[in-house]
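Please look over the sequence and the structure below. The paragraphs that follow go through some of the side chains.

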Amino acid sequence: MSVRLTTAQALVRFLAAQHTERDGVRRRLITGMWGIFGHGNVAGLGQALVEYADVMPYHQGRNEQAMVHAAVGHARQLNRLSAQAVTTSIGPGATNLVTGAALATINRLPVLLLPGDYFAAHPADPLLQQLEHPVEADVSVNDTLRPVSRFFDRITRPEALIASALQAMRVLTDPAETGAVTLALPQDVQAEAYDWPEEFFAERVWRVRRPAPDPEELAEAVRAIRTAERPLLVAGGGVHHSEAEAALRSFAETTGIPVASTQAGKGSLRHDHPADLGGIGHTGTAVADDLARTADLVIGVGTRYSDFTTASGTLFQHPAVRFLNLNITAFDAHKLAARTLVCDARTGLQRLAEALDGHRVDPAYEAEYRAGKERWERVVEAAYQADDPSAVPTQTQVLGALDAVVGETDVVINAAGSLPGDLHKLWRARSPRQYHLEYGYSCMGYEIPAAIGVRQAAPDTVVWALVGDGTYLMMPTEIVTAVQEGLPVNLVLVQNHGYASIGGLSESVGAERFGTAYRHRAADGTFTGAPLPVDLAANAASLGMEVLRAKTVAELRDALAAARASDRPTCVYVETDPAPTAPPAEAWWDVPVAETASREAAIGAREQYDRQVAARRRHL
């Protein structure tokens, strides 16, 4: 039997019938579709979404990149077991997907991209917004999505969708391969009718596997841990994706091995667990980085070892340090010439704990890192402390005020600027999903749309988007989407009149903070004088948010409490004291400095760079 539908109608019906299953729990795979309509998708997918509005929820966005960010936030909150689709028109709508697709793929988070494309039949060339290539007639702007997608296809005939749609679902649900998946849809093919086999629309379940470790790899891993004197576990995002937090806690409590976390892995242990050392690497805590320098075995669980984690290859300095990587992706497991344990994080940690059979680190080592943890907690308290409630708050005092307000399961979202470093060092994560940092791509503009996606995934969860002025100016438009969708997300808008993080980095590399402040331009081209007369709070209010302005620490505390209790999208706007109050970096990060220059700032920065880079190691 067959069903006559357009390609777009068939795709929507197919997506509505897909499910995932893990640990016996079934979930809908594609929970909804984001879309901005134009020529290229309005007559195809636009009509199909009207036709099947009862089975495929539709969400209207304001910016195509932001729609991908919302879908990514949604998928991360749901541990990659559900995803959303995004449809766009041909042309700029399609190319606006590229940044979001890169973010999704780098972070190993599933999102289905459905951009419109040229006419497959070429009845008229060129179309409005069509890219013409003189020697490749089958190229379109959607080909820019190829390198940032885990799977890509252009559906030039209706029947070609059958195989590609199944491949797309396979990749989206594969924990080792997932990321952005792109099905480019020529606009004539979207509207073309075809007799589809009924089986294409049958309910289908994609089981998300938990592969167990290879016995020989497991035996080698156990030997490595048993012979290590100073082991350190580095928890990455894979711990969360696998829902392995309880297994990690049990492993740490059984073995006494301390746990440091990457940006994606923070919250794998609750902040007050005795084995939790907080963040590691360039933005890590002193206790975590000190132990990393003397660790003789580093156990990576679900981490891809970015340069922030390894301090650009300078962090792990024990002469005989070795690595043991537990990762569901062999590509990541083999990094740093490690012994590998290619498996699911939860399954692997459980098998390791069983095979270690009560093995525990030396009590003196436990006492050492617990004392270091206590010292660091005093650093956090000092950074959060505000002795004068009538004073203008510093950025770390903003975090302290928020720390006092959030509930156990609130979600705090950030991605770029100076906040990620402060949060990684200082934030006290209370639950596995509370700390939501997008730091694989560190994309300015991620926070507000991601907050929308998280709130859609967890309607009863209080969500905070922490945004600096630079990030806010990148992508504030999705505030309108939050208002339209009736999602009471909370925005903490920190005004410090420029790019604080890059300003500090610019100064450290001899670029003298050039182009990093929001100031009037003087006649000589320099940026001087008073801050620009820009009112970001008024802008947020104009887009539909309730805005609470806080000028002092006391007002900030009251505003945050009111925002948490509000049932509508709310912005807490605060201008901060720009004086840096966060603890300095505990490890280096490689940003190349001009090798030759005439200005003193750059000459001095290069001398410092040469000293730091000498500590880099190749772990082979």
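Which residues form a nonpolar patch on the surface? The patch is made of F37, V42 and Y58, with about 240 Å² of accessible area together. The model is predicted: local features need pLDDT of at least 70, side-chain atom pairs count only at pLDDT 80 or more, and totals for chains, interfaces and linings use all residues. Residues are numbered from 1 along each chain as its sequence is written, and side-chain values use heavy atoms, leaving out hydrogens and water.

Patches take residues with over 30% relative accessible area and no salt bridge, joining like charges within 9 Å and nonpolar side chains (Val, Leu, Ile, Met, Phe, Trp, Tyr) within 5 Å. A salt bridge is a side-chain nitrogen of Lys or Arg within 4 Å of a carboxyl oxygen of Asp or Glu. Areas come from the Shrake-Rupley method with a 1.4 Å probe, and for residues only the protein chains shown count as cover.

The aromatic rings come next. Rings of Phe, Tyr and Trp (its six-membered ring) pair if their centres lie within 6.5 Å; planes under 30 degrees apart are stacked, over 60 edge-to-face, and the rest tilted. By this rule there are eleven aromatic pairs. Y305 and F323 are edge-to-face because their ring centres are 6.2 Å apart and their planes stand at 85 degrees. Y305 lies in the loop between β15 (297-301) and α12 (307-310) and F323 in strand β16 (residues 322-327), so the pair ties together parts 18 residues apart in sequence. Both Y305 and F323 are buried.

W588 and Y609 form a tilted pair, 5.6 Å centre to centre with 55 degrees between the planes. W588 is in the loop between β25 (570-575) and α24 (600-613), and Y609 is in helix α24, 21 residues apart. W588 is buried because its relative accessible area is 14%. F14, Y194, W196, F200 and F201 form one aromatic cluster.

P213 sits in the loop between β11 (204-207) and α8 (215-227). With a relative accessible area of 8%, P213 is buried. Its C-alpha is 9.8 Å from that of N327, 114 residues away in sequence.

Methods:
Helix = DSSP H or I, 4+ residues; strand = E, 2+ residues; numbered from the N terminus. Buried < 20%, exposed > 50% of the residue type's maximum accessible area, 1.4 Å probe, protein only.
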